[in-house]
Amino acid sequence: MGVGGTLEYISELIGSGGSHSYGKRKKKKQFQTVELKVRMDCDGCVLKVKNSLSSLKGVKSVEINKKQQKVTVSGYAEASKVLKKAKSTGKKAEIWPYVPYNLVAQPYIAQAYDKKAPPGYVRKMDPYVTTGTMAVYNDDPSYTSMFSDDNPNACFIM
């Protein structure tokens, strides 16, 4: 090992905190924004949630809208860890379930419409879910011939 190899070895030891990771590189986390719906009633609740989420490793900023009960966390923290930390405060928390109503094809069907949603928002829906109305083809010939013009006894109520 020459001088160049020794310096490279020492710089790698210092850069990795002393662990030997010659072939392995730690995957860098992506910067992301996580939106949560957290039930907060007072300013004390807001402060408790903000302090708890700010203490999470990788979190760069925490913004809270008390009126919409919306918490926006930006940073390098994973969404599952942010949600778990929010729930650890004792508050009811979930990933933000709403989208602007103009992004949904049918915003006022029963599955999307939510009275608790902030103004201009509806529940996030899977675009491939049917709305509950579906044509059913019945192969029974008695129903199709019951009201036929070819059947003289079809409708005797008239």
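The legends below describe several close-up views of one predicted protein model.

Residues are numbered from 1 along each chain as its sequence is written, and side-chain values use heavy atoms, with hydrogens and water left out. Because the model is predicted, local features need pLDDT of at least 70 and side-chain atom pairs count only at pLDDT 80 or more, while totals for chains, interfaces and linings use all residues.

**View 1. The overall fold contains four helices and six strands.** Helices (H or I, at least four residues) and strands (E, at least two) are DSSP runs, numbered from the N terminus. Read along the sequence, these elements follow the pattern α-β-α-β-β-α-β-β-β-α. Of the 158 residues in the protein, 25% are buried, where buried means under 20% relative accessible area, exposed means over 50%, and partly exposed covers the values in between (1.4 Å probe, protein chains only).

**View 2. The largest nonpolar core has 18 residues.** A nonpolar core is a set of buried Ala, Val, Leu, Ile, Met, Phe, Trp, Tyr and Cys residues joined through side-chain atoms within 4.5 Å. The residues with the most contacts inside this core are Leu-36, Val-38, Met-40, Leu-53, Val-71 and Val-82. Two or more residues are given to the core by each of β1 (32–38), α2, β2, β3 (70–75) and α3 (79–87), and the largest share, four residues, comes from α2. In soluble globular proteins, nonpolar side chains tend to be buried together.

**View 3. Lys-70 and Glu-35 form a salt bridge.** A salt bridge is a side-chain nitrogen of Lys or Arg within 4 Å of a carboxyl oxygen of Asp or Glu, and a search of the whole structure finds three of them. In the pair formed by Lys-70 and Glu-35, the closest N and O atoms are 3.3 Å apart. Lys-70 lies in strand β3 and Glu-35 in strand β1, so the pair ties together parts that are 35 residues apart in sequence. Lys-70 counts as buried because its relative accessibility is 12%, whereas Glu-35, at 31%, counts as partly exposed.

**View 4. Two further salt bridges involve Asp-41 and Asp-43.** The side chains of Lys-66 and Asp-43 meet at 3.3 Å, N to O, and this pair links distant parts of the chain, with Lys-66 in the loop between β2 and β3 and Asp-43 in helix α2, 23 residues apart. Lys-66 is partly exposed at 34% relative accessibility, while Asp-43 is exposed at 58%. Arg-39 pairs with Asp-41, the closest N and O atoms being 3.8 Å apart, and Asp-41 is exposed, with a relative accessible area of 54%. Side chains of opposite charge can pair when their charged atoms come close.

**View 5. Lys-29, Lys-57, Lys-81 and Lys-84 form a positive surface patch.** Patches are made of residues with over 30% relative accessible area and no salt bridge, like charges being joined within 9 Å and nonpolar side chains (Val, Leu, Ile, Met, Phe, Trp, Tyr) within 5 Å. Lys and Arg count as positive and Asp and Glu as negative, with His and the chain ends not counted, and the place of a charge is taken as NZ of Lys, CZ of Arg, CG of Asp or CD of Glu.

**View 6. Tyr-9, Ile-10 and Ile-14 form a nonpolar patch on the surface.** Together these residues have about 290 Å² of accessible area, a value that comes from the Shrake-Rupley method with a 1.4 Å probe, for which only the protein chains shown count as cover. Ile-14 belongs to helix α1 (residues 3–15) and is exposed at 67% relative accessibility.

**View 7. Gln-69 has a positive phi although it is not a glycine.** The phi of Gln-69 is about 60 degrees, and this residue lies in the loop between β2 and β3, where it counts as buried at 18% relative accessibility. Most residues other than glycine have a negative phi.

**View 8. Ser-88 and Ser-52 are 36 residues apart in sequence and 8.6 Å apart in space, C-alpha to C-alpha.** Ser-88 is placed in the loop between α3 and β4 (93–95) and is exposed, with a relative accessible area of 53%. Asn-51 is in helix α2 and is partly exposed, at 48% relative accessible area.
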